[in-house]
Structures are given as structure tokens and as C-alpha cells.
Amino acid sequence: STCTGAFGTSRSDYRSMTIAPFFDDVWNVSNRLTLQMGIRWEYLAPWREINDQEGAFDLASGKIGYHKVPANLPASLLPLVIQQDGFYPEGIVKKDLNNWGPRLGATYNLTDKMVVRTGFGVYYDNLNLNELQFMRLVPPFYGSYSLQPNASTLVLAETLFPSIDNIAQFPAPFSIGPDNRTPYTTQWNVNLQRSLGREYLLEIAYTASRSRNLAKRYNVNQADFGTTPQITRLPYPAFQPAILYSSDDGTASFKGLSVRLEKRYSAGLFFLANYQLSENRDNGSGEVEANDTAYRTNLDADESLSRYNQKHRAAISFGYELPFGE
């Protein structure tokens, strides 16, 4: 039989902070034109483990670095770590102080029955809490091993899990990019509305968005192509060939053209009909694309239509007041 175990602390405490001042104002430039402008600045402090039990894999040196080097490192791990306090800042990821989110909106009355509206904005995301594991699943806070006892040997519970000093090989660490920026989305739209008579409204709209710095993981220890033994083709042969790395190389984009026809309530009836032609593209909307990137040297190779892409979308809704009853 095979027994697999893991060692490390049983819990982690994390802390973070968010600051987001926002300024906004509206100007009636003329009887036809109205502008609305604002700006928002966000500071999303990196999550940090309050006992400094966190680390990451350094791509340049091929070793594990920490904010505070753990005490009593096992001898088998010493050649694989950077024995320097403060190699990484608290929380591993550097502070991102450049999160400016402008807003702009404009409305212009072409005629008494026709109006054009447009808007633009930049919006920031919070840190995906799932990425915290990429700071914790790092030796010596994490490890695994397999025990294959001889069939004739008695297995005792008190000796089932050996000391970490007796672990011959540590697993490949998870890791996160210390220069990762806060994920953000840029959105913009423009639409034309036209009243048709007293009861109908026609709208044609174009909407688009562009997302960058999204979380995307890939194996930085993926073997190079070739026919020689795998260990000779690994970028970091001292570790197992699976160092999952959380980067900010995820991208996404959307664009859509829609038409809407609305009948205002009259004679007991209203309805709304909408059709949209759109396209979603990204390089990480599925489990495979986000975690099992095809090539570590070309993350754009995963870009394609999103898993949730829906080219055509239509909806009709209506309400009718029955000609009887209260």
C-alpha cells in the first residue's frame, strides 16, 4: 500500500487593506451637451501572512526566497533557499500604487427625438484569494512524501510521519510573481437612441471591454522540447518538473453590437426586444487554460474564443394587463 502525507502549519492568518477615494462632477456644457467626469484611486494592500510564513520561487536564482527566512530549515532544503531576510516584501507581491480609474460620460441631444450617449471607465479587481496558496505551498511550510512499507513490517502510527529533517526530496513549490499588478478592466460604450412616435424607443449600441493583469498560472519548470533525458531539459533540474507559477499574464476582451426596441406602457401592453452580436476572447477562462498552459514560453498560444463566448443572444419580454379583473 501507499500512504501519502503532508506537513506544515494547520492554519494561516492573512491581513489586507483597501483605500479608494473617488471624485466626480457633472457639467451641463450646453442645452444639448452634458459631461460627467471623475477619477478613482485604489490602493489594495497585498495580503500577508501575519507570522511571515510565506515564500515564493525566484526565477532568476532558481531558489526559494522569503520575507523572513524560517528558523531551523532542514539540511536537505538549505541548498534550495535564499538565506536572506527581506528578499521579498511582506505579502511577497510588491505594493501597486498606480491604480488610477478615470471615468468619463457624455450625452448629446442630436434632435428632440434622438440622443447619443457614450462612456469610458477603468475598474480594478481585488486579489483572487485563491492565489494565497501560491505563497504558502512552499517548503518548509508544505511538503509531501509517499510511504511504501514492506508487507512484513509492522506500521506504527507514532512513526508514520517522519520529521521534516528526514525528508530526502521536497516537492516543487507553488509560486507567485512578486511584480504582479492589480487586475483591471477598461470599458467603453456608445449608443444612439431614437424615439419613434410616442410609444416606441429604438437603441443601437456598441459595447467593449479589455481586461489585463488577470491571474494565469503556468509551469515554469516545463521541460524544453527534445529527445534527451527530461532532467537535462528542465530549467530548474533541482526541483520536480511541475512548479506552478501564478502570473498576471491573463487577458480578456469583449465587443458587442446590440439593437433594442422598447414599447412604453400603453393600452395595457409594454414589451422589450433585444438582440446582441458579440465576441469574447481570452487566454484563461477554462480550468485547462488557467492552470495547464500549453507552453511556458508563449502564453498567448492559449488565446481563443472564451469558454462562455455566445455570438448571438436575443431576448424578448412583455407585460399585458388583462381586460378583466381588478
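E16 and E18 (residues 312-320) pair in the antiparallel sense over 9 bridges. A strand here is a DSSP run of E with at least two residues, a helix is a run of H or I with at least four, and both are numbered from the N terminus. Two strands pair if DSSP finds at least two bridges between them. This is a predicted model, in which local features need pLDDT of at least 70, side-chain atom pairs count only at pLDDT 80 or more, and totals for chains, interfaces and linings use all residues. Residues are numbered from 1 along each chain as its sequence is written, and side-chain values use heavy atoms, with hydrogens and water left out.

Stay with E16 for a moment. E16 also pairs with strand E17 (residues 304-305), in the antiparallel sense, over 2 bridges. There, Arg281 has Leu305 in E17 as its bridge partner. E16 is joined to E15 as well, by 13 bridges, and these two strands run antiparallel. Find Gly256 and look across to E16: Ser278 stands opposite.

How many residues lie between the strands in the hairpin of E15 and E16? There are 2. Ala267 is found in this loop between E15 and E16 (269-282). Ala267 has a positive phi of about 55°, although it is not a glycine. Is Ala267 buried or exposed? Ala267 counts as exposed, because its relative accessibility is 79%. The cut-offs are these: buried means under 20% relative accessible area, exposed means over 50%, and partly exposed is in between, using a 1.4 Å probe and protein chains only.

Now step back along the chain. Strand E15 (residues 244-266) pairs with E14 in the antiparallel sense over 17 bridges. Next comes the pairing of E14 (residues 200-219) with E13 (residues 184-196). These strands run antiparallel and are joined by 13 bridges. Gln187 stands opposite Ser209 in E14. The hairpin of E13 and E14 has 3 residues between the strands, and Gly197 takes a positive phi near 70° in it.

Look at Ser195, which is found in E13. Ser195 counts as buried because its relative accessibility is 19%. Which residues does Ser195 contact, leaving aside its neighbours within four places in sequence? They are Lys113, Tyr200, Leu201 and Arg264. Contact means heavy atoms within 4.5 Å.

Next, the loops. Asp52 sits in the loop between strand E6 (48-49) and strand E7 (55-58). Asp52 has a positive phi of about 60° although it is not a glycine. Asp52 counts as buried because its relative accessibility is 16%. Another loop lies between helix H1 (133-136) and strand E11 (143-147), and Tyr142 is in it. With a relative accessible area of 23%, Tyr142 is partly exposed. Pro140 lies in the loop between H1 and E11 too. The peptide bond from Pro139 to Pro140 is cis, with omega near 5°. From Tyr142 to Arg212 is 70 residues in sequence and 31 Å in space, C-alpha to C-alpha.

Turn to the nonpolar cores. A nonpolar core is a set of buried Ala, Val, Leu, Ile, Met, Phe, Trp, Tyr and Cys residues joined through side-chain atoms within 4.5 Å. The largest has 19 residues, and Ile64, Tyr66, Leu77, Phe239 and Ile243 touch the most other members. A second, separate core has 9 residues, including Tyr88, Val93, Leu132 and Ile176.

Last, the lining of the largest pocket. A lining residue has an atom within 4 Å of a pocket point; a pocket is an open set of points on a 1 Å grid over the protein atoms alone, where a 1.4 Å probe fits, with protein on both sides within 12 Å along at least five of seven lines. The largest pocket is lined by 41 residues, and Asn126, Leu127, Asn128, Arg181 and Pro183 lie nearest its centre. Strand E10 (114-124), E13, E14 and E15 each supply at least two lining residues. Which strand gives the most? E15 does, with 6 residues.
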